[in-house]
Amino acid sequence: MAATESYPDDLKYHREHDWARIEGDEAVLGITWFAQDALGELVHYEPPADGATIAKDTSYGEVESVKAVSDVIAPLSGEVVAVNQKVVEEPETVNADPYGDGWLVRIRMTDPSEVDGLLDADAYKQVVAES
């Protein structure tokens with residue numbers, strides 16, 4: 001069952017419909033409710049390798065739905081310290097809980113100042129409204 005539309009205030013957002021939960025020098029990343037809703041039911045998640053370096057504004061993986069394949073765009077730069085294996089095995093977890101069990105990767109940020117360039121929930125809702 002799909003999650004209800006929401007954009008939690010404690011997250012930071014990227015215009016490409018990705019979110020980041022900042023936890024000290026690490027961040028948990030995922031795709032927003034809007035992204036999973038636009039894609040439809042996810043059937044595959046191609047994650048980066050543990051230890052991979054990802055760069056802000058570039059693709060770090062792919063999600064595939066019954067409708068399309070879409071790149072996942074990194075809202076921040078860093079080293080991948082964990083991949084959510086539950087989503088690899090059960091991609092539909094993202095549809096049910098995009099901000100909880102449906103997280104994609106955890107990174108150790110290489111440039112924490114990049115957080116300042118991300119959107120808060122209200123600014124992101126404006127991006128969604130214009131989409």
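Here are some exercises with worked solutions on a predicted model.

**Exercise 1. Work out how β3 sits among its partner strands and whether its residues are buried or exposed.**

*Step 1: find the partners.* Begin with β2, residues 18-23, which pairs with β3 in the antiparallel sense through six bridges. Within this pairing, Ile22 lies opposite Ala27 of β3. Next comes β9, residues 105-109, which is also antiparallel to β3 and is joined to β3 by four bridges. Here Leu29 has Val105 of β9 as its bridge partner.

*Step 2: look at the turn.* A hairpin is formed by β2 and β3, with two residues between them. Gly24 is in that turn and has a positive phi of about 70 degrees.

*Step 3: conclude.* Six of the six residues of β3 (26-31) are buried, so the strand is largely enclosed by the rest of the structure.

**Exercise 2. Trace the salt bridges of Glu26 and say which residues belong to the network.**

*Step 1: start at Glu26.* The side chain of Glu26 meets that of Arg106 in a salt bridge of 2.9 Å, N to O. This pair links distant parts of the chain, with Glu26 in β3 and Arg106 in β9, 80 residues apart. Glu26 also forms a salt bridge with Arg108, where the closest N and O atoms are 3.8 Å apart. Since Glu26 lies in β3 and Arg108 in β9, this pair ties together parts that are 82 residues apart in sequence.

*Step 2: move on to Arg106.* Glu23 and Arg106 join their side chains in a salt bridge of 2.8 Å, N to O. Glu23 is in β2 and Arg106 in β9, so to speak a link between distant parts of the chain, 83 residues apart.

*Step 3: check the accessibility.* Apply the cut-off: buried means under 20% relative accessible area, exposed means over 50%, and partly exposed is in between. Glu26 has 17% and is therefore buried. Glu23 at 34% counts as partly exposed, and so do Arg106 at 23% and Arg108 at 35%.

*Step 4: In the whole structure, the search finds eight salt bridges.

**Exercise 3. Classify the ring pairs Tyr7–Tyr13 and Trp19–Tyr99.**

*Step 1: count.* The structure has four aromatic pairs.

*Step 2: take Tyr7 and Tyr13.* Their centres are 6.4 Å apart with 75 degrees between the planes, which makes the pair edge-to-face. Both Tyr7 and Tyr13 are buried.

*Step 3: take Trp19 and Tyr99.* This pair is tilted, with 5.8 Å centre to centre and 55 degrees between the planes. Trp19 lies in β2 and Tyr99 in the loop between α3 (93-96) and β9, so the pair ties together parts 80 residues apart in sequence. Trp19 is buried at 0% relative accessible area, and Tyr99 counts as buried at 9%.

*Step 4: look for a cluster.* Tyr7, Tyr13 and Tyr124 are linked into a cluster by ring pairs.

How values were computed
Residues are numbered from 1 along each chain as its sequence is written. Side-chain values use heavy atoms; hydrogens and water are left out. Buried means under 20% relative accessible area, exposed over 50%, partly exposed in between (1.4 Å probe, protein chains only). Two strands pair if DSSP finds at least two bridges between them. Rings of Phe, Tyr and Trp (its six-membered ring) pair if their centres lie within 6.5 Å; planes under 30 degrees apart count as stacked, over 60 as edge-to-face and the rest as tilted. A salt bridge is a side-chain nitrogen of Lys or Arg within 4 Å of a carboxyl oxygen of Asp or Glu.
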